[in-house]
Amino acid sequence: MESRKSLQFLVLSICVTLVLVVTWVHLPSSPNKVFLDCTLSSAWCSSKNRIQSSTKPNNLIKKPQQSSSTTQHQQHDSDVPHHPLDPLTVQEFNKVHAILAAHPLFESVSKYTLNTVSLEEPDKELVIKWKRGDPLPARKASVTAMVKGKSHVLTVDLNTDEVSFHEKSSVVSGYPTMAMEEMVGVLDVPLKSIEFNRTISQRGVNMGDLACLPISSGWYDLPVEENRRLIKVQCYSKKDTVNFYMKPIEGLTVLVDMDKKEVVSISDNGRDIPIANGINTDYRYSVQKLNGDFRLFNPISLEQPKGPSFTVEDGHLVKWANWEFHLKADARSGIIISQVKVRDPETSELRSVMYKGFTSELFVPYMDPTEAWYFKTYMDAGEYGFGLQAMPLDPLNDCPRNAYYMDGVFAAADGTPYLQPNMICVFESYAGDIAWRHSECPITDLKVTEVRPKVNLVVRMAAAVANYDYIIDWEFQTDGLIRAKVGLSGILMVKGTTYDHMNQVPSQEYLYGTLLSENIIGVIHDHYITYYLDLDVDGSDNSFMKVNIKKQKTLPGESPRKSYLKAVKNVAKTEKDAQIKLKLYDPSEFHMINPSKKTRVGNPVGYKLVPSGTAASLLDPEDPPQKRAAFTNNQIWITPYNKSEQWAGGLFVYQSQGDDTLQVWSNRDRPIENKDIVLWYTLGFHHIPCQEDYPIMPTVSSSFDLKPVNFFERNPILKLPPNFKDDLPVCKAHDSS
């Protein structure tokens, strides 16, 4: 009955009726004083988003009053955890801050950085056994910190106030994710250099028009990298446009020691390259509408007079139709989906599909080996924090009416909690798609037409990692399918050039990209998004089965046919059996099955990965960026569950050397048959820029599916009702008065 009722709620009513911190550097009249102003959209830059430790009610931080579609105005000072996987609360962040401030490691130094502070999740077995109403397992915080140039990994027990240290292995390289304050803090370092200021002046750039970005330096086994945490700074002119990315000060790169806050070196090999004029690059609607209205369609809105048919209990438990899952914001991965269960329409039982899923790492290598570009091989989650770059979603444009908005609460470098408002939205989506249909043809003389509308639940986040915007969706469908989707938009990272037309480019010269406009080249690059998918199909012990689709020739006289396709099933025994490069002419299906659970007719229950976005890295495996991002050497990996193996590029990614990656773990070739195993999948994009990407890119998307395969006894949405005219309201246009 509950299942049928949930499906009926899906009858929706249809009516037709867009970071990195970009710091503007202003040099006032006094040359000895530098002001750093944050952009208005940078939530972490403003003290108004900090949540101060206080018992006074007037210090409660509310969500900003935006539009009528933002229906949740949460106050977080009094939040308490209700579930073992609930993120740290404001009170818990403040307690971690107080405990560490009094600890000898931190008390004895004037400055330290807490790079990450997050919930140390309880052991998986405890979480699975926990039931609502049970006491919560011990709450602990996992902390990475930089103290006197050294990395530390700590656990803070919030029940006992104890602090325990985890020794970082001497064979593991790298540094923790940068704190936002560290990124911002390096931007005024170049201004202390006479050489830098002279160069800016020689380029004809006014200091008031200077905009600079902190760029991770990668690792290239150079002497200068030894025992130093380095970052590079490159700058732009924002004169006459908000789109300063289109006005690079080409060839000027400042290498900065992040801990000492000093310039290590300055490279300037672009003095002869002009700064592009930036004409017609401002993409804001307030500017574009001055050129006349450009409305291509009438406004469209999804109306739900009875409200959404999903609920969010205790702030994190999402229930919709036949789905239930835990949802939270995370500073490194952005969104974490946990304990995903789907209700079986035959038994009304909630069945386990996935214990945990999230974006583990992003790798974005630019394909230009020249001095000012070779190091641009970003790992956005491990270096910058993908969740830290998440922007407040724009109601009605990022998310539709009746969307539910969830905040992120994270820790600043000193441990003080701050708010990332409207970071995630949840909404129902209907675009006129069909869940299933059939019409009988006239030959049968059966007048049958049956069609069912397709309604999905979407969980969304948008991260602005400097110029690029990533739209991350988790989509849940009533037929049991889960779709992970990535949209790429934002602004290209471009290179300045002396050329303003292709007829000026010598035939033997390679541009490393596309001439997009006068003096602007869009550089070729890749995007790889690697997902961690701890599938628990009807339980934790699963197997990975590769189903090869092979051509089978018929025997002489067997059939008029010469050949047919045959499915050949192979269960992977160890990790190397499941290191898979996708091949167009060697097709396969990839099943996660539970060998101990069978359907009524004897098939093992399972889910299959349906790949898409299959661009693969073509870089040399020994190229330093590729060694660091060895998790992109295959599209599919299977590893045994290990709580410490969640980040595909390793725990410490910044300046890592590739010694703690998914490739390293998988090469141990551990047993994976009928074990608690994790599926890893990498979505890939090759991007050769084109003029349509200028000055801002239309969104390009790709996705992959996790689809039930013999999981249900039959079509799980067979009983789904159609839409009827009387179910839908009639919407009429009316005056605003």
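A residue is called buried when its relative accessible area is under 20%, exposed when it is over 50%, and partly exposed in between, as computed with a 1.4 Å probe on protein chains only. This is a predicted model, in which local features need pLDDT of at least 70 and side-chain atom pairs count only at pLDDT 80 or more, while totals for chains, interfaces and linings use all residues. Residues are numbered from 1 along each chain as its sequence is written, and side-chain values use heavy atoms, with hydrogens and water left out.

**Annotated site**

- An unreviewed UniProt entry carries the annotation "active site" for Asp380 and Tyr468; UniProt positions are given in the numbering used here, feature names are shortened, and annotations may be inferred rather than shown by experiment.
- Although these annotated residues are spread over 89 residues of sequence, they cluster in space, with a largest C-alpha distance of 10.7 Å.
- Both Asp380 and Tyr468 belong to the lining of the largest cavity, where a cavity is a set of points, on a 1 Å grid over the protein atoms alone, at which a 1.4 Å probe fits but cannot get out, and lining residues have an atom within 4 Å of a point.
- Asp380 is placed in helix H8 (residues 380-384), and Tyr468 in strand S24 (residues 468-477); helices (H or I, at least four residues) and strands (E, at least two) are DSSP runs numbered from the N terminus.
- Asp380 counts as buried because its relative accessibility is 4%, and Tyr468 counts as buried because its value is 3%.
- Leaving aside neighbours within four places in sequence, Asp380 is in contact (heavy atoms within 4.5 Å) with residues including Glu361, Phe386 and Tyr470.
- With residues up to four places away in sequence not counted, Tyr468 touches several residues, among them His525, His527, His687 and Met697.

**Helix H6**

- Within helix H6 (residues 194-202), Phe196, Thr199 and Ile200 are buried, and they lie on the same side of H6 because they cover an arc of only 100° around the axis, the arc being that of the directions from the helix axis to the C-beta atoms.
- The face of H6 turned away from the buried side carries the exposed residues Ile194, Ser201 and Gln202.
- The buried residues of H6 pack against strands S8 (210-216), S9 (230-237), S10 (252-257) and S11 (262-268).
- Just after H6, Gly204 takes a positive phi of about 80°.

**Disulfides and other cysteines**

- The structure holds two disulfides, a disulfide being a pair of cysteine sulfur atoms within 2.5 Å.
- One of them is formed by Cys212 and Cys235, whose sulfur atoms are 2.1 Å apart, and because the torsion about the S-S bond is about 100°, this disulfide is right-handed.
- Since Cys212 lies in strand S8 and Cys235 in strand S9, the pair ties together parts that are 23 residues apart in sequence, and both cysteines are buried.
- A disulfide also joins Cys399 to Cys425, with an S to S distance of 2.1 Å; the link is left-handed, with -90° about the S-S bond.
- Cys399 counts as buried because its relative accessibility is 2%, and Cys425 is buried because its relative accessible area is 0%.
- Cys441 is partly exposed, with a relative accessible area of 37%, and Cys690 counts as partly exposed at 31% relative accessibility.

Conventions
On a 1 Å grid over the protein atoms alone, a cavity is a set of points where a 1.4 Å probe fits but cannot get out, and a pocket is an open set with protein on both sides within 12 Å along at least five of seven lines; lining residues have an atom within 4 Å of a point.
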